[in-house]
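This briefing covers helix packing, chain contact and overall dimensions. The points below are grouped by topic.

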Amino acid sequence: MSNNLVRLRRLFKPRRGWVIAVPLLWLTLFFLLPFGIVLKISLSEAAISIPPYSAILDYGHETLNIVLTFSNYLFLTTDTLYIAAYWGSVKIALLATVLCLLLGYPMAYAMARAPMRWQLVLLLLVMLPSWTSFLIRVYAWMGILSNNGLINNSLIWLGWIDSPIRMLNTNFAVILGIVYAYLPFMVLPLYANLTRLDGSLLEAASDLGSSKLNTFFKVTLPLSMGGIVAGSMLVFIPAVGEYVIPELLGGPNTVMIGKVLWEEFFHNRDWPVASALAMVMLAILIIPIALFHRYQSRELKE
Amino acid sequence: MSRQSKLSLAVAAASVALMTGAAHADEVRVYNWSDYIAPDTLEKFTEQTGIRVIYDVYDSNEVLDAAMLSGRSGYDVVVPSNHYLTRQVSAGVYQELDHDKLPNMANLNPELMDDLESIDPGSRHSIPYMWGTNGIGYNVERVEAILGEDAPVDSWALIFDPEVTAALNEGGCGIAVLDTGDDMLSAGMAYLGLSPLSSESADIEAAGDLIAAVRDNITYFHSSRYISDLANGDICVAAGYSGDIFQAADRAEEAGHDFSIAYSIPKEGAALWFDMMAIPADAPNPDNAHAFINFILEPEIAAAITEYVVYANPNVAANEFLDPDILNDTSIYPDQEVMDNLFVQEEKPLAVQRVRTRTWNRVKSGI
């Protein structure tokens, strides 16, 4: 009890309060406020007005009327398209996350093990591509993957294939694009984690006669779990809601939630249903975020 | 007017929503379709009036619509298509025009203005900018080589008939289709002999089935890529916007290819559309907006735009300044017989729009 009190008092020490205020303000401004607005729209009805949805609060005749419409959420269950789109997004994001991990782990491992003077260069090499516009890099992939693009033309020139292999506008291209774009988000937390790995532990393992492979699976991998979880979340969460990559690299049978959301918003002009879709997506994403958070706090305790 | 990837627009829409700059008395903010004005139009306007033009572009009605319905777009003149305009007017997006400030309205084609009565009675909120049709662009030589001389180039059969499209596909001749359910489903209904504006779910779904049946013969769904692909010979049939296909024809000619691109308005009926200039209710500079619209209605200015973008203008006084090749081209300025066969898209209630969007999604994804 008294322990808690001390903690509480510490929390409200003036200086600490200021430290907390910045992230708190950030969260309020860029998460809570937009979240509230989207939640509000998802509970209204589409209307022909500016903005194109009904007000949920209405004050007149000295009464405050609150009208909440839940039909937008019910509507999402009436059509299999939405479930298919959520599932499509989760599937593609999961696959891309696993691929990022398989590619990113060896990269991060090699970087962490490289001589100190090389590490900065390698780190820069990972980050440097993100200095050009994301959009331009995705467009570049269109040029590489298209029917008369770099890959197909080279293969035809080599005489390995007669007619171009269809790569652009397929799910393959979408996954490739996501892996390419989000790989640094996997590599960086893993690298940060692996450089902190205590070398004496590895020495101890080898002194005790453990093989290198065994040491990796018994010592390095479990200790880098934090980095793996962080990297996977950083890739998976934005990949689920990804719109740009499927729009540019995907084909007509790439059904992802970002695209369906766009259609609701722009084609049907139904902002409430689009908002409801976004809320459900958030609910889906909260599960891995909560897991991540639990993992993190457990690690902090240790 | 190339309606390119919606993406750049989403970005534009977002920035537009943020843009609430202070009004300046000597400027006008114009938001128009991309590639939809002559290169010297804005310069001439500033020269004549001293008003600086801030000119931004979009490439889909949806993006403009979202920006308008969010309110406070900060623009003085915007150019939605007719079926979007109607709904935006009823949402209260636009202010009433002051016709006294638009003396050049006298130049407008009275017959065309009659057609527009149902869209915006008495031109209270809008003035037509350019107009065009949706039809078929095709590679004359290659289509003839595959389908023979009696190829149905004047019919939607070139896009919707399973045998024709299969033959084209086997002949290595790609088919591109606009990625807008509204346009393609209406075309499908026209081909089936149904009302292209039907709001019956059964009709819309019948058109969906029609297109789904030829889905495997369609190379891709996209609303602007066909311009360069037609011009390069990568595809040889496209359902597209008239001016875009003329652009492709010009490019093919300039590149000196051994084929030519032609445009046809299908005999079963095709969409006729108008892009309308309007002034948002909260425009910072409504006077300058009127001046800009009036300037566009100058005969020489309208003629110069038409010559550059190859879309027809509604300005009858502009005809004498227009290249006769363009004026007498019935695919740009259709004759009365063809005009009678065209339909004008209307705004649709949400329930009908939903059926269309959903049907289109089913056509493309199979879900």
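Axes are lines fitted to C-alpha atoms, for helices over the stretch in contact, and angles between N-to-C directions run from 0 to 180 degrees. The model described here is predicted. On that basis, helix α11 (residues 225-240) of chain A and α14(A) pack at an angle of about 165 degrees, with their axes 11 Å apart.

**Helix α11 of chain A against α14(A)**

- Angles over 145 degrees count as roughly antiparallel, and α11(A) and α14(A) are therefore roughly antiparallel to each other.
- The crossing of α11(A) and α14(A) is left-handed.
- From α11(A), the contact uses Gly226(A), Val229(A), Met233(A), Phe236(A), Ile237(A) and Val240(A).
- From α14(A), the partners are Met281(A), Leu285(A), Pro288(A), Phe292(A), Tyr295(A) and Glu299(A).
- By class, the residues of this contact of α11(A) with α14(A) divide into 10 nonpolar, 1 polar and 1 charged.

**Helix α13 of chain A against α14(A)**

- Helix α13 (residues 257-267) of chain A packs with helix α14 (residues 271-301) of chain A at an angle of about 160 degrees, and their axes are 7 Å apart.
- That angle makes α13(A) roughly antiparallel to α14(A).
- α13(A) passes α14(A) in a left-handed crossing.
- Ile257(A), Val260(A), Leu261(A), Glu264(A) and Phe265(A) of α13(A) meet residues of α14(A) that include Trp271(A), Val273(A) and Leu277(A).
- The residues of the contact between α13(A) and α14(A) comprise 10 nonpolar, no polar and 1 charged.

**Burial of α13(A)**

- In α13(A), 10 of its 11 residues are buried, leaving the helix mostly covered.
- Among the buried residues of α13(A) are Lys259(A), Glu263(A), Glu264(A) and His267(A), as well as Phe265(A) and Phe266(A).
- Within chain A, the buried residues of α13(A) pack against α4, α12 and α14.
- From chain B, α3 (61-70) and α17 (350-365) also pack against the buried residues of α13(A).
- Just after α13(A), Arg269(A) takes a positive phi of about 55 degrees.

**Contact between chains A and B**

- Chain A contributes 23 residues to the contact and chain B contributes 24 residues.
- On the side of chain A that touches chain B, the elements giving two or more residues are α4 (80-113), α12 (244-249) and α13 of chain A.
- α13(A) gives the most to that side of chain A, with 4 residues.
- The residues of the side of chain A that touches chain B divide into 13 nonpolar, 6 polar and 4 charged.

**Chain B overall**

- Chain B has 17 helices and 10 strands.
- The radius of gyration of chain B is 20 Å, close to the 21 Å that the globule rule gives for 367 residues, so chain B is as compact as a globular protein of that length.
- The C-alpha trace of chain B spans about 60 × 45 × 35 Å along its principal axes.
- Of the 367 residues of chain B, 52% count as buried.
- Of the contacts in chain B between residues at least 6 apart in sequence, 74% join residues at least 24 apart.

**Helix α13 of chain B**

- Helix α13 (residues 286-296) of chain B has 8 of its 11 residues buried, so this helix is largely enclosed by the rest of the structure.
- Pro286(B), Asn288(B), Ala289(B), His290(B), Phe292(B), Ile293(B), Phe295(B) and Ile296(B) are the buried residues in α13(B).
- The cover over the buried residues of α13(B) includes strands β1 (27-33), β3 (77-78), β4 (126-139) and β9 (271-278) of chain B.
- Helices α2 (41-49) and α14 (299-309) of chain B are also included in that cover of α13(B).

Note on methods: Residues numbered from 1 in each chain as written. Chains lettered and ligands numbered in written order. Predicted model: local features only at pLDDT ≥ 70, side-chain atom pairs only at ≥ 80, totals over all residues. Buried ≥ 20, exposed ≤ 12 C-beta atoms within 10 Å, placed from the backbone. Contact = placed C-beta atoms within 7 Å. Parallel < 35°, antiparallel > 145°, perpendicular 65-115°, else oblique. Left-handed = near helix turned anticlockwise from the far one by under 90°. Nonpolar A, V, L, I, M, F, W, Y, C, P; charged D, E, K, R; others polar. Rg over C-alpha atoms; globule rule 2.2 N^0.38 Å.
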